[in-house]
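Here is a short briefing on one protein chain. Look at the sequence and the fold, then read the notes below.

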Amino acid sequence: MNRRLRKRVVLAAVGAVVAAAVAKELRQPPQERTWTGRVAGLPYDFRRPTLHKIVREFWNPDSDDFFTPHSFGIGYGVNLARVARELRRSP
């Protein structure tokens, strides 16, 4: 698959997942919309990000997870605190 086609396929897939998450929220009555959840196995959060949420996405020493839900959007970020712990354990 050439590079341009690959890029279009990825953008189409991302767009479809975002559209599915938004549609999932809009199907609910307004008072029940949380703008957070899971779609196609991926976490999403469309609430306004805060500095605390952004920091916790990338640095959460209290979690053993390598991947943490994005502070805004769909998918995962990398918990660098866990990565740092693993690197310290390596000989």
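Trp35 counts as partly exposed because its relative accessibility is 27%; buried means under 20% relative accessible area, exposed over 50%, and partly exposed in between (1.4 Å probe, protein chains only). This is a predicted model, in which local features need pLDDT of at least 70, side-chain atom pairs count only at pLDDT 80 or more, and totals for chains, interfaces and linings use all residues. Residues are numbered from 1 along each chain as its sequence is written, and side-chain values use heavy atoms, with hydrogens and water left out.

**Loop residues**

- Trp35 sits in the loop between H1 and S1; helices (H or I, at least four residues) and strands (E, at least two) are DSSP runs, numbered from the N terminus.
- Trp35 is not a glycine, yet has a positive phi of about 60°.
- Gln31 also lies in the loop between H1 and S1, and is exposed because its relative accessibility is 66%.
- Ala40, in the loop between S1 and S2, has a positive phi of about 55° although it is not a glycine.
- With a relative accessible area of 68%, Ala40 is exposed.

**Sheet and helix**

- Three strands form an open sheet in the order S1-S2-S4, with antiparallel pairing; two strands pair if DSSP finds at least two bridges between them.
- Strand S1 (36–39) and strand S4 (73–74) are the edge strands, each pairing on one side only.
- Helix H1 (residues 3–26) packs on the sheet and touches S1, S2 and S4, where contact means heavy atoms within 4.5 Å.
- S1 and strand S2 (residues 42–45) pair over four bridges, and Asp45 in S2 is the bridge partner of Thr36.

Terms used: Axes are lines fitted to C-alpha atoms, for helices over the stretch in contact, and angles run from 0 to 180 degrees between N-to-C directions.
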